[in-house]
Amino acid sequence: LLCLANCKKHLNKDGQLLLHLYHPPPEILALENERLFQFAIFEQKNGKKIIKETLKRYVKEDSYLELEERYRVRFLHDFDKNIDLKHTLHLFAPATITWQELLSESGFEVTGTWSDYHLAPFSLDSSTLLVRASCR
């Protein structure tokens, strides 16, 4: 709320706030603390391979997405140079109605929601929530 209140403080009276938010789609909500695993392999011309692994877990009671990304760099002949990297993000990802309530509590009125930059109407199946809000 403090972040949104500060946004409002710095906007002109007739200013608009534009947000690009993550919205957990049904397949993520259905995980119920289980992890979703995805991976991709990127092959380089020099024989090196980069394996990107993504693990997602949605914690419904706290409304956040745990996103772990792992990068495994594999060399064709120099196995001792192999590298493993990873980082974990905890992203606040509540339901759409929660975002609307937070914006309202911060003095904004939601004037539009979309699923993409082509302005397709927002759908609960989308992982993107674009919001336009005006100062009240």
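Okay, let's start at Thr 54: leaving aside residues up to four places away in sequence, Thr 54 touches Leu 36, Phe 37, Gln 38, Leu 67, Glu 68 and Glu 69. Contact here means heavy atoms within 4.5 Å.

Quick housekeeping. This is a predicted model, where local features need pLDDT of at least 70 and side-chain atom pairs count only at pLDDT 80 or more, while totals for chains, interfaces and linings use all residues. Residues are numbered from 1 along each chain as its sequence is written, and side-chain values use heavy atoms, with hydrogens and water left out.

Back to Thr 54. You'll find Thr 54 in strand S3, residues 49-59; strands (E, at least two residues) and helices (H or I, at least four) are DSSP runs, numbered from the N terminus. Thr 54 is buried, with a relative accessible area of 10%. For that word, buried is under 20% relative accessible area, exposed is over 50%, and partly exposed is in between, with a 1.4 Å probe and protein chains only.

By salt bridge I mean a side-chain nitrogen of Lys or Arg within 4 Å of a carboxyl oxygen of Asp or Glu.

Arg 70 also meets Glu 68 in a salt bridge, at 2.8 Å from N to O. Then Glu 68 pairs with Arg 35, with the closest N and O atoms 3.6 Å apart. That one links distant parts of the chain, 33 residues apart: Arg 35 is in the loop between helix H2 (26-29) and S2, and Glu 68 is in strand S4, residues 64-74. Which of the two is buried? Glu 68 is, at 5% relative accessible area, whereas Arg 35 is partly exposed at 44%.

How many salt bridges are there by this rule? The count comes to 10. There's a network of them too, with members including Arg 35, Glu 53, Glu 68, Arg 70, Asp 84 and Lys 86.

Now the surface. Phe 37, Phe 39 and Ile 41 form a nonpolar patch there, with about 320 Å² of accessible area together. Ile 41 sits in strand S2, residues 36-43, and counts as partly exposed at 46% relative accessibility.

On to helix H3, residues 96-105, where Thr 96, Trp 99, Leu 102 and Leu 103 are buried. Seen down the axis of H3, its buried residues fall within an arc of 125 degrees, so they line one face of the helix. The arc is taken from the directions from the helix axis to the C-beta atoms. What covers these buried residues includes helix H1 (2-10) and strands S1 (16-22), S5 (83-92), S6 (108-114) and S7 (128-135). After H3 comes Gly 107, with a positive phi near 90 degrees.

Last topic, cysteines. How many disulfides are there? Zero, by the rule used here, which asks for a pair of cysteine sulfur atoms within 2.5 Å. Cys 3 is exposed at 57% relative accessible area, while Cys 135 is buried at 17%.

Note on methods. Patch = residues over 30% accessible without salt bridge, like charges linked within 9 Å, V, L, I, M, F, W, Y side chains within 5 Å. Areas by Shrake-Rupley, 256 points an atom, 1.4 Å probe, with all protein chains shown as cover.
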